[in-house]
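I opened this notebook to look up charged pairs and nonpolar packing. The model shown next is the one consulted.

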Amino acid sequence: MKISPSTLLQLPSGATGLFLHEAHSHRRQVEKLNQLYDSWAYLPVHTPLLDFSEAYTGLVSEADAKRVYQMFDRDGHLLMLRWDITLFLVKQIRSMLSPKCPVLRLCYADSIMRHEDAEDIARNEFFQTGVELIGKPGLEGDLEVLLLLQQAFEALRLRPSVHVGSHSLIDAVSTELNSLQKEELSHAIKYRDQAQIEALLGPNLASDAKLFSLICPAAQAPEVLAPHLKSIKPASRDAVEQLLTLLSNLLDIEPSFDLHLDCSEIGSQGYHSGMVFQAYLDGISGPAAAGGRYDRLLERLGSPSPAAGFSIMLSRLLAVLPESAQSELYHAQGSTFQERVADAKRERQQGRRVSL
């Protein structure tokens, strides 16, 4: 069979790789984050690259299904490529949970493959690193995940703006909407289309609708939101008050955390519930990290358990990392090869990168 020049010289659309200094920088950042996760007692996991598509029936939305790469195995089973690590991981978690081990702290660093939105069409293959906290409910679980996210970016010497919202809020205001209207509402909230939000929710929920257009620093949030909290539905008010409590606790623990209450953050995945967040950095199109709580996901798989986590899109960060892609390189000294080998050995024992 004749191989075309494009096959030899190009990768399939959206595929990517890392080489030389870029790969070296990537590996160093992964090592930093793995050390951090280990210091927080998170154990590593590696999810399978392929799984049966049938296992995720009902868990993948119609919109997400269009982003999944699929293939058939030799026996005719329809498979999907790993496109979301959390989904692939929770299927395996059922066998790990037990009364003796009610809480699992897990971390990962793996590639995913999925069709992205138009603004990121050149890349469909990404490298994610992140954590999953299984079995820890409520405020303390949310705090642990967000504090670890903040330390992860500190390890990378980056300071993102973290926008925290609530998927419970959209659940509270959309109980009377059908599935198509809920999808339209999510789209309107994502793009802050206030007119469409109010049209979908109607005049009876006008005060609730205004919440979705509010983006304010967490330190000022109580004052800004106070007039709205008195007039919105009890379920909406509970969701916002939980957010205020979360942000208040975070800033008490870590005052330098760049946090924003953002009612337009409703979760990057359909399985999210409760607290959700995305982290943004200058110079990057799209979020640098995303996560939240997904208490109902394990229940749908037959193993009820609260859960929360985050993923960092590490492949997006390489261009904005403040550290040089390569650490200082030392060239071994000596007039003979043997002398240079001996010199290199001494220098490597001091932790230096040495070339012969």
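Entry 1, charged pairs. I looked up Arg352 and found this residue partly exposed, at 33% relative accessibility. I take buried as under 20% relative accessible area, exposed as over 50% and partly exposed as in between, with a 1.4 Å probe and protein chains only. The side chain of Arg352 meets that of Glu347 in a salt bridge, at 3.1 Å from N to O. Glu347 counts as buried, at 18% relative accessibility. A salt bridge here requires a side-chain nitrogen of Lys or Arg within 4 Å of a carboxyl oxygen of Asp or Glu.

I note that the model is predicted: local features need pLDDT of at least 70, side-chain atom pairs count only at pLDDT 80 or more, and totals for chains, interfaces and linings use all residues. Residues are numbered from 1 along each chain as its sequence is written, and side-chain values use heavy atoms, with hydrogens and water left out.

How many salt bridges does the structure hold? I recorded eight. In one of them, Asp51 pairs with Lys91, the closest N and O atoms being 2.9 Å apart. This pair links distant parts of the chain, 40 residues apart, with Asp51 in strand E2 (residues 50–52) and Lys91 in helix H4 (residues 85–93). Helices (H or I, at least four residues) and strands (E, at least two) are DSSP runs, numbered from the N terminus. Asp51 is buried at 7% relative accessible area, whereas Lys91 is partly exposed at 23%.

I next checked Arg296, whose side chain forms a salt bridge with that of Asp171 (3.4 Å, N to O). The two lie 125 residues apart and link distant parts of the chain: Arg296 is in the loop between strand E11 (289–293) and helix H12 (297–300), Asp171 in helix H6 (residues 167–173). Both are partly exposed, Arg296 at 42% relative accessibility and Asp171 at 29% relative accessible area. I also found a network of salt bridges linking Asp142, Arg293 and Asp295.

A nonpolar core is a set of buried Ala, Val, Leu, Ile, Met, Phe, Trp, Tyr and Cys residues joined through side-chain atoms within 4.5 Å. Which residues touch the most other members of the largest core? They are Phe153 and Leu317, in a core of 50 residues. Helix H5 (residues 138–155) supplies the largest share of this core, eight residues. Apart from it lies another core, of 26 residues, including Leu89, Phe126, Leu298 and Met313.
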